[in-house]
Amino acid sequence: MPKKTSSAAVPKPAPPVPRTPEEAAPKKAAAKPAQQVTAVEMGARQREISVSEFFTKNRHLLGFDSPRKSLLTCVKEAVDNALDASEEAGILPDVAVRLEVVPTNGTVPPASQATRFRVTVTDNGPGIVRQQIPRIFAKLLYGSKFHRMRMSRGQQGIGISAAGMYGQLTTGKPVKIISRTGPRAAAHFFEVQIDTKKNEPLVHENKQIEWDRPQGTQVALEVEGKYQKGRASVDEWLEQTSIANPHVKLTYHTPEGEAKEYPRTYHELPPSPREIKPHPYGIEFGMFLKMLQDTKSHWVSGFLASDFCRVSPQLADEICKTAKVSPHLKPRDLKGHAAETLYQTIQNTKIMAPPTNCISPIGEKAILSGLYKQIKGEFYTAVSRPPAVYRGNPFLIEAGLAYGNRPEDQQKPQQPAMPKAEGEHEEEDSELARVIRYANRVPLLFQQSACSTFKAVLNTTWRNYGVSQSRGALPGGPMVIFVHMASVWVPFTSESKEAIADYDEIQKEITLALRECGRRLGLFLRRRERAASEFRRRNIFELYIEEVVDACDRLKGGKLPKAKLKAQLQKIATSRTGGLKTDEALGKTGGGPEGLPHSIIVTAEGVEGEIALADQVERDADPAGVPVEPDLLGDEQPIETPSKKRAAGPQAAKGRIAKSAKGKAAQMPLFSKPAKREKTTRRRA
């Protein structure tokens, strides 16, 4: 009988493992490649992209890349539109800016902690016709300035509609507009948003309302942002705007409930720029071909003379003759090699530079007025360069400079120096100069290092003018450098319009303007230093004059005319220490700053240079004082030149108007806290 085997000794077969459908399927010899997308399917995915849709995803290109910067951009675009409209209509601008904190959850947070604001900008401009309101405020790339060859703040047709798009994107609120074209016209109220897929306006409300203003426009935006004072803030932007636009009256209501007013100190509108035709040097070949197809002229010679500036009919015939093109050929028939030959002939022909009546510079006296109004300083000067051209576009560079501290600030007692331990050195703690940049009267607060203006300031050798400067750094000292570019088309580096491109022609003009300001500053500093040294010598002489007179009187037995001898010795001391020039340099007489045109010097005794401008600013800052004259630079109030003051001599000093304490307190300094610089080792030249 066979033995039974134990169940534990014989292993049981393992249960079958379930297999996936892929494993259960028979293995194929070779795996098929992944499914490829056909050209038909790729073509079906193509669709048009709206410009509004593009900038919604790329809002940082328009300056909406941070809450703080976004709030400033909204204010900037609304104020720029208000100033452009008022000036074009011949109205002295009166603009009110109001920032309000929007309550969240029924409570109003502090301004520094709020995340949602309501921006309201009101102007006294000509207003906007009802049919144009939706497209102006709710359609990107829509405006009247892109195709015009004339100076204006806006030039792309994006700004205010982009601000409305940002508000719609962050808060979902529409833009609210009130506009009125005249006292007898009705005031229209709109609420609009942008259809980003079509780049078309969506009108939510349109009605007539009662408005207390006879004419003008009011724009209200509700956006996400961050309010913070200091550099690159709304407060600083408005301060700088008042410097470059002294003809504007600005009223600013801060989110904290404070009201700031920047009075009008220049009571004339800037000259209105005129529109010009494009210059032949400023177009490319492709644009030239397009102009040939779009022209209304029947002949090539007429096309050259009518569609371009600085091309006369005689010059057009000469160009056609040189290019071997018939002047009576139809422009649309000019193609291929013949068109390229004509284009090259135009570029090689000597043509007069474009006219400059298409730009409106600020002016040296207006720059001085703005700098003196906003910045506390001791020396002010302004320079306007002659117009120049880049790529066929005329432009003009203006520069200004404010240096030093007011005499009352210089006389403040300094803190006594504390003793230092062995090996301890006092760190060099001096403020650096501040650069304020403008393009068509608009302040540029961001991308400073990428701007042609800032590069020109760095490349200027300020040490030649008596100002300390480390290598690759801004000059040191209490100084504000003002640079303005006026042009029919400013070459910005991006759509956000924050920095000027580095063209050689622009860089050269900025450098020349800064050098002229530097020469005047160096002349002032050297003259003041030399005069102070001579004045100290004179004081030393005068200390011994009494002793010399008494000694001579004793030698003569008391019979010497002491008063006559003393007067003679004082006359000799004065002549040996610079005489009247020393007194003029130190502000001891009524003599003006010789060799320093368009400059203001503030001394303890009063103001020298452009006294009329300084007095006008003081009267505007102190309404209770002398009444303001209607015209700052008109025939009714002639400007007293330095030569006339110098001829008046000491008598002019008696009639000089002293600066009031209230006027000084009204000055709003743009100097921030001193910036620490690292200690550098000076190298010997």
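These are my notebook entries on a predicted model.

**Overall make-up**

I started with the whole chain. I counted 21 helices and 16 strands in the protein chain. The protein chain has 685 residues, and 47% of them count as buried.

**Cysteines**

I searched for disulfides next. The structure holds 0 of them. I recalled what I was looking for: a disulfide is a covalent bond between the sulfur atoms of two cysteines.

Cys309 has 9% relative accessibility, so Cys309 counts as buried. Cys74 has a relative accessible area of 0%, and is buried as well.

**Helices α4 and α7**

I turned to one helix pair. Two packed helices are described by the angle between their axes and the distance between the axes. I took α4, residues 67-88, and α7, residues 234-244. Their packing angle is about 25 degrees, and their axes are 10 Å apart. I noted the crossing of α4 and α7 as right-handed.

Which residues make the contact? From α4, I listed Leu71, Leu72, Val75, Lys76, Val79, Asp80 and Leu83. From α7, I listed Val234, Trp237 and Thr241. I sorted the residues of this contact by type: 7 are nonpolar, 1 is polar and 2 are charged.

**Gly159**

I placed Gly159 in helix α6, which spans residues 159-170. Is Gly159 buried or exposed? Its relative accessible area is 18%, and buried means under 20%. Gly159 is therefore buried. I then compared its position with that of Ser496, 337 residues apart from Gly159 along the chain. The C-alpha atoms of Gly159 and Ser496 are separated by 8.6 Å.

**Glu509**

My last entry is on Glu509. I found Glu509 in helix α15, residues 504-555. With a relative accessible area of 9%, Glu509 is buried. Which residues does Glu509 touch, not counting those up to four places away in sequence? I wrote down Arg385, Pro386, Ala388, Phe395 and Ile397.

Terms used:
Residues are numbered from 1 along each chain as its sequence is written. This is a predicted model: local features need pLDDT of at least 70, side-chain atom pairs count only at pLDDT 80 or more; totals for chains, interfaces and linings use all residues. Side-chain values use heavy atoms; hydrogens and water are left out. A disulfide is a pair of cysteine sulfur atoms within 2.5 Å. Buried means under 20% relative accessible area, exposed over 50%, partly exposed in between (1.4 Å probe, protein chains only). Axes are lines fitted to C-alpha atoms, for helices over the stretch in contact, and angles run from 0 to 180 degrees between N-to-C directions. Helices (H or I, at least four residues) and strands (E, at least two) are DSSP runs, numbered from the N terminus. A crossing is left-handed if the near helix is turned anticlockwise from the far one by less than a right angle, and right-handed if clockwise. Contact means heavy atoms within 4.5 Å. Ala, Val, Leu, Ile, Met, Phe, Trp, Tyr, Cys and Pro count as nonpolar, Asp, Glu, Lys and Arg as charged, and the others, Gly among them, as polar.
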